[in-house]
Amino acid sequence: MQNNPHTTLITTEAPVAANTHGGRAKCLQRLVRLDLPVPRTVALSFDAVHQIAEGQVPDIDAILEQFDQSALLCVRPSSEDPDWGGPGAILNIGMNDARYVDLSDSMGAEAAAALYLRFVQSYAIHVARLDADVFDDISADGSEGLSQSLRAYEDETDEVFPQKRGEQLIAVLRSMARAWDGTSARLLRQAKGAPADAGLGLVIQEMIPGVGQGECGSGVLQLIDPTTGMPQITGRYLSQSQGRDALGEGVAALYLEKDPRGKSLEEVAPKAFADLKAHAALMRAKLREEMQVEFVIENGHVHILDGVRVQRSARAAMRIAVRLAEDGIIPPQEAVMRVDPHSLNEMLHRQVHPEAERDMLTTGIAASPGAATGKIVFTAAEAQASAARGEPCILIRRETSPEDVRGMHAAVAVLTEKGGMTSHAAVIGRGLGLPCIVGASEMRFQTKKRLLTAPDGRTFKTGDVLTIDGSSGQVLAGQPAMLEAALDDCFQTLMSWADDERDIAIRANADTPADAQTARNFLAQGIGLCRTEHMFFDPGRLIVMREMIFAQTPSGRAAVLERLLPMQRDDFVQLFRIMEGQPVCIRLFDPPLHEFLPTTRSGQRELAEALDLPVSDVERRVAAMSEYNPMLGLRGVRLGVTVPEIYDMQARAIFEATLEASKDGAPVVPEVMIPLVSAKREVELVKSRIDTVAASVASERGEEFEYRLGVMVETPRACLRADDIAPQTAFLSFGTNDLTQMTYGLSRDDAGRFMSDYVRQGVFVEDPFHVLDPEGVGELLKLGAERGRQAQPDVTLSVCGEHGGNPESIAICRDLGFDYVSCSPFRVPVARLASAQLAI
Ligand code: PEP
Ligand code: MG
């Protein structure tokens with residue numbers, strides 16, 4: 001039979017591969033090669049199973065001659081990837097009236113009846129396709145239950161139960177082969193990533209019954225705790241049982257190792273337990289993986305039926321990979337490859353416990369990972385009051401604006417009705433490491449009435465408790481159990497291995513000293529984007545900012561900017577000190593000025609009082625500054641060109657801070673970045689003013705310093721004209737948030753409303769604000785990078801949009817030879833791991 005490529009007895013030499021016979025067959029062969037006590041097994045190839053499904057009758061004699069005439073058999077599926085599933089195993093093939101009588105003599109009538117009964121019922125349901133409820137009324141066990149079941153089978157099929165082992169086996173093989181082609185099985189495995197033409201292999205194995213004289217039974221064993229990945233023997237064992245009976249709900253299974261909670265296999269059969277442990281350790285070492293060992297004990301002797309990769313949580317996956325490498329079983333590079341970078345989010349943030357019950361109200365866009373529970377509040381002021389009382393709160397807004405930032409700082413999570421992956425709430429949430437869901441448009445937000453209504457009609461008011469799961473996008477009622485973040489040694493070890501492999505630098509987007517500290521903790525190699533405008537939302541500064549906006553004359557504006565200067569300078573000194581000589585890229589002011597003005601009447605009244613102006617003046621001014629399309633209006637470098645005093649002040653603050661921070665630490669070489677450029681002349685105008693400020697500061701202080709001036713490439717025109725722009729700059733940093741918005745003509749703040757429809761209907765493969773669009777925006781990046789480099793070969797290239805923290809997008813940047821990517825501090829580890837995997 002070894003000559004038949006489709007039907008193979010598993011031996012050490014047999015040609016069995018995962019892509020011809022499936023993962024289970026392959027694994028069983030590895031166990032045989034390890035000389036483990038594996039029952040005799042025959043593997044059917046994908047082709048053989050396919051032919052059976054098509055109606056061809058297998059050469060059953062050739063199969064049966066591999067087994068003892070009296071052996072009972074079982075058939076299990078063997079798909080290429082075990083995660084793709086397959087039809088359930090069928091046990092005890094070969095049971096018939098005569099075997100029942102024989103076995104009753106050798107193992108007792110009750111055990112023999114249990115084997116036969118199990119086979120009759122599973123054959124009836126899975127092969128003869130009878131309804132399972134045919135057996136509902138059969139309550140008796142043993143021989144009585146058996147005869148009732150056989151009778152039920154005959155009544156339903158008008159046939160006697162098949163008695164020949166060969167006939168039974170053919171029918172089982174055919175039904176399993178056909179089940180693989182069923183629609184639901186196909187959909188299920190395709191959802192797990194199986195290709196449309198994925199094949200199924202089958203393994204036919206001699207049964208070790210698990211029932212009978214002496215200590216008999218079955219169970220599973222693992223050497224780790226699958227939730228934490230910590231070394232610990234886990235699993236269950238059940239005397240006088242088969243298959244996975246020990247795992248059934250409510251069964252009185254034994255522990256494996258001695259356990260104060262109850263009886264264990266170690267006590268019942270110490271030798272078998274010791275053997276089993278040794279077999280499992282050998283499997284771990286040689287299969288280079290934590291395996292779940294499926295075993296049977298027959299009169300005190302252990303048999304290994306199968307080994308499958310232990311199902312594991314994300315944090316267990318990381319610990320398993322690191323421990324295997326530390327034990328010298330796999331190289332560190334392989335450990336790095338085995339951890340999914342996306343899954344790191346589960347370790348970096350608190351999570352809803354995987355086993356907790358979820359009272360789900362709705363799902364929005366999972367904009368910033370982690371989970372938090374709190375009382376809901378509807379304004380930033382309420383959030384601050386709640387934080388002051390020490391009560392964790394969730395800020396509920398239709399959308400957030402800069403005015404809400406202080407509320408976001410005070411809250412433990414944020415939920416908004418509108419917005420997408422790069423909307424204000426999402427960007428700030430990720431920056432703060434704050435769980436955030438945006439675009440929860442199926443909920444009704446009545447923020448004035450302080451009411452939130454779920455799609456099922458339940459309403460929540462101020463003070464009611466909700467949980468935001470920013471990892472899944474689920475809004476939950478109440479307070480489910482949580483799992484804490486796990487930034488342990490294991491995490492640090494994996495990260496250091498990743499850093500050894502990486503060939504693209506990772507910086508962080510950090511606006512505040514706290515962000516910068518987080519970036520340092522995660523070993524970011526500098527700050528790639530400091531959005532300076534975020535420094536002005538502190539209530540004490542906001543009012544000065546507003547005064548500046550309201551100034552009527554250049555000299556009036558200059559006077560207010562004088563007051564802002566020391567504040568900005570202090571911010572930068574702090575950032576430089578925290579970053580200890582690592583590069584810090586400071587973006588000059590970007591948003592439209594009116595974002596700093598109050599939108600509500602009461603806010604405008606307060607401002608009028610503070611500035612000692614009539615309310616009507618304030619209202620008029622706010623109205624005059626409003627724009628139809630502010631994202632495409634007077635912002636970024638356009639402000640630098642038309643109101644240059646703001647950039648002058650910022651440049652001075654940066655340079656004075658540079659000298660200050662260089663005094664007591666490593667010399668600082670600040671990077672100054674101009675946002676939203678679309679024309680060369682914009683850069684010329686701003687550059688000449690900044691150079692002038694630099695020269696003044698140097699001469700005033702009598703000290704020289706260096707700085708690097710760069711441009712943010714976030715309009716399609718800046719990409720197209722990169723050859724024009726690059727010669728004037730030291731670096732080009734692609735702001736892919738705005739670049740995506742402008743390439744698609746898709747508002748980053750409004751796209752959340754229909755993005756899920758677009759992705760569901762396949763218009764976009766992914767949300768392009770989340771994963772960089774390789775075909776459109778990626779093309780512009782390529783073009784901009786090529787043209788920029790052609791004109792200025794030394795130009796530093798980077799991405800500082802939110803895509804910088806997304807593994808698929810990092811791959812594009814690395815392929816284009818970018819020097820670094822910059823992302824929210826909490827995504828730095830994800831980016832470090834993802835880029836290491838690209839380099840391995
Ligand atoms: C960008 O547009 O990609 C960017 C980083 O800037 P912001 O998100 O502040 O507009
Ligand atoms: Mg931008």
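## A look around ligand 1

The largest share of the shell around ligand 1, three residues, comes from helix α29. Before going further, a word on the source: this is a predicted model, where local features need pLDDT of at least 70, side-chain atom pairs count only at pLDDT 80 or more, and totals for chains, interfaces and linings use all residues. Residues are numbered from 1 along each chain as its sequence is written, while chains are lettered from A and ligands numbered from 1 in the order in which they are written.

**The chain as a whole**

You can count 33 helices and 30 strands in this chain. These are DSSP runs, numbered from the N terminus: helices are H or I with at least four residues, strands are E with at least two. Along the principal axes, the C-alpha atoms fill a box of roughly 110 × 60 × 50 Å. Of the 840 residues, 49% are buried. Here, buried says that 20 or more other C-beta atoms lie within 10 Å of the residue's own, exposed says 12 or fewer, and partly exposed is in between, with C-beta atoms placed from the backbone. Among contacts with a separation of 6 or more, 67% join residues 24 or more positions apart. A contact is a pair of residues whose C-beta atoms, placed from the backbone, lie within 7 Å.

**The ligand shell**

Which residues sit around ligand 1? They are V427, L529, R531, D590, E714, G735, T736, N737, D738, C800 and G801. The test for being near is a C-beta atom, placed from the backbone, within 6 Å of the molecule. Two elements, β24 (527-531) and α29, each give two or more residues to this shell. By type, the shell divides into three nonpolar, four polar and four charged residues. In this scheme Ala, Val, Leu, Ile, Met, Phe, Trp, Tyr, Cys and Pro are nonpolar, Asp, Glu, Lys and Arg are charged, and the others, Gly among them, are polar.

An unreviewed UniProt entry places a "binding site" at E714 and D738. That pair is spread over 25 residues of sequence but clusters in space, with a largest C-alpha distance of 5.4 Å. The unreviewed entry also has a "binding site" at R531, R587, E714, G735, T736, N737 and D738. UniProt positions are in the numbering used here, feature names are shortened, and annotations may be inferred rather than shown by experiment.

E714 is in the loop between β27 (708-713) and α27 (716-720), D738 belongs to helix α29 (residues 736-744), and R587 lies in strand β25.

| Residue | C-beta neighbours within 10 Å | Class |
|---|---|---|
| E714 | 26 | buried |
| D738 | 24 | buried |
| R587 | 26 | buried |

Leaving aside residues up to four places away in sequence, E714 touches P675, L676, F734, G735, D738 and L739. With that exclusion, D738 is in contact with L676 and E714. For R587, the contacts beyond four places in sequence are L529, C530, R531, T532, M673, P675 and M712.

The record also lists residues 391-473 as "domain: PEP-utilising enzyme mobile", again from an unreviewed entry. Its end C-alpha atoms lie 23 Å apart, and the span is 18% helix and 31% strand.

**Following helix α21**

Helix α21 (residues 554-579) has 26 residues and reaches 35 Å from its first C-alpha to its last, close to the expected 38 Å. That expected span is 1.5 Å times one less than the number of residues. At L564, α21 bends by about 30 degrees, and a proline, P566, follows within four residues. The bend is the angle between axes fitted to the seven residues ending there and the seven starting there.

Which residues of α21 are buried? Among them are L561, L564, Q568, D571, F572, L575, F576 and M579. An α-helix has 3.6 residues a turn, so residues three or four places apart point the same way. The cover over the buried residues of α21 includes α19 (513-521), β24, α20, β25 (584-587) and α25 (645-663). Just after α21, E580 takes a positive phi of about 45 degrees.

Definitions and conventions: Contact = placed C-beta atoms within 7 Å.
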